Amino acid sequence: MNEQAKKIMMTMDDRDGWIWLDGEWVEWREAKVHVLTHTLHYGAGVFEGLRAYHAEQGTAIFKLQAHTDRLFRSAHILNMTIPYGKDELNEAHCQAVAKNNLDSAYIRSMCFYGSEGMGLRADNLKVHVMIGAWEWGAYLGDENMEKGIRIRTSSYTRNHVNSTMCKAKANGNYINSIMALQEALNTGYDEALLLDHEGFAAEGSGENLFIVRDGILYTPECTSALEGITRDTIMAIAAEQGLTVKEKRISRDEVYVADEAFFTGSAAEVTPIRELDDRMIGSGTRGPITKQLQSLYFDYVHGRRADHQDWLSYVS
């Protein structure tokens with residue numbers, strides 16, 4: 001069996017490598033928690049997903065500090081006290097890539113409650129922290145990065161802004177996303193577009209939305225949508241390229257008649273959208289502004305540009 005076939009057959013729990021768990025490096029297969037872990041039952045946890053890329057000067061994590069800051073903000077919203085400092089977690093993220101000998105990587109960090117108690121009012125819970133890293137290609141497929149994806153409007157509504165605290169990247173919030181994505185995949189689409197409780201476009205199952213019309217870039221206001229780090233990056237890059245960027249409510253039919261549309265996210269990166277609800281968007285392929293921003297984004301994450309080197313944290 002060749003190495004590629006072995007990688008395909010590997011499950012997430014059956015790998016060689018190391019995971020940072022509560023301040024210690026644990027062999028991958030031994031990084032386990034009890035079945036009565038509180039977060040497993042109730043979803044009260046927070047997490048981050050970020051990427052490391054092969055850059056010009058070596059492997060580098062993109063916007064590490066921004067992700068760590070958001071992890072702490074999410075924990076604060078949930079009244080969860082992280083028992084480690086930001087610098088210690090930053091170093092652990094870098095070492096997760098280095099110890100697993102990764103040239104590029106997806107990194108997952110999570111803070112979760114343990115098995116010290118059960119029930120909604122459990123007040124003796126300990127906050128545990130884990131960080132793992134592994135090789136992961138284009139989230140929505142390499143081919144789709146050029147030709148674009150087909151998406152459908154979900155029958156599920158994005159969580160109300162005051163229901164589950166949408167500014168927290170919280171574990172339990174993603175049940176909504178899982179249901180929407182399953183529905184899209186089961187009906188032949190690549191992704192879902194979720195609307196907010198008033199019927200305006202919110203985001204994908206794990207991505208922020210952008211559309212282009214008459215040369216102007218639009219993205220939904222972050223009410224029920226997560227404040228995406230890749231979203232912020234694309235808005236900054238676009239502004240520096242002289243493009244007008246506007247945050248506004250976007251109706252579903254505005255997406256239908258857009259010249260271009262794309263999703264952004266740490267996992268999805270910059271992924272073009274070619275169809276929504278069987279309606280072709282623009283030319284039905286990656287548009288020129290999408291291509292420009294996508295190309296610049298990959299230049300930055302791979303360290304090919306001199307400016308914004310502060311976006312990269314090099315792994316020693």
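**Figure 1. What lines the second largest pocket in this predicted model.** The lining divides into 13 nonpolar, 13 polar and seven charged residues. (Ala, Val, Leu, Ile, Met, Phe, Trp, Tyr, Cys and Pro count as nonpolar, Asp, Glu, Lys and Arg as charged, and the others, Gly among them, as polar.) Altogether 33 residues line this pocket, and Phe47, Lys169, Tyr174, Ser205 and Gly206 are the ones nearest its centre. Two or more lining residues come from each of β3 (45-55), β5, α6, α7 (229-240) and β13 (260-265). Look to α6 for the largest share, four residues. (A pocket is an open set of points on a 1 Å grid over the protein atoms alone, where a 1.4 Å probe fits, with protein on both sides within 12 Å along at least five of seven lines; lining residues have an atom within 4 Å of a point. Helices, H or I, of at least four residues, and strands, E, of at least two, are DSSP runs numbered from the N terminus.)

**Figure 2. A look into the largest pocket.** Here 25 residues make up the lining, with Arg108, Met110, Met130, Trp134 and Asn171 lying nearest the centre. At least two residues each are supplied by β1 (18-21), α2 (38-42), β5 (105-113), β6 (127-134) and α6 (174-186). With four residues, β5 gives the most. Sorted by class, this lining has 16 nonpolar, six polar and three charged residues.

**Figure 3. Where α7 meets α9.** (Axes are lines fitted to C-alpha atoms over the stretch in contact, and angles run from 0 to 180 degrees between N-to-C directions.) On the α7 side you'll find Thr230, Thr233, Ile234, Ile237, Ala238 and Glu240, meeting Leu293, Leu296, Tyr297 and Tyr300 of α9. Contact here means heavy atoms within 4.5 Å. The contact has seven nonpolar, two polar and one charged residues.

**Figure 4. α3 packed against α4.** Helix α3 (residues 64-77) and helix α4 (residues 86-99) pack at about 125 degrees, their axes 10 Å apart. So α3 and α4 are oblique to each other. From α3 come Leu64, Gln65, Thr68, Asp69, Leu71 and Phe72, and from α4 come Lys86, Leu89, Asn90, His93 and Cys94. Five nonpolar, four polar and two charged residues make this contact.

**Notes.** Residues are numbered from 1 along each chain as its sequence is written, and side-chain values use heavy atoms, leaving out hydrogens and water. Local features need pLDDT of at least 70 and side-chain atom pairs count only at pLDDT 80 or more, while totals for chains, interfaces and linings use all residues.

Key
Angles under 35 degrees count as roughly parallel, over 145 as roughly antiparallel, 65 to 115 as roughly perpendicular and the rest as oblique.
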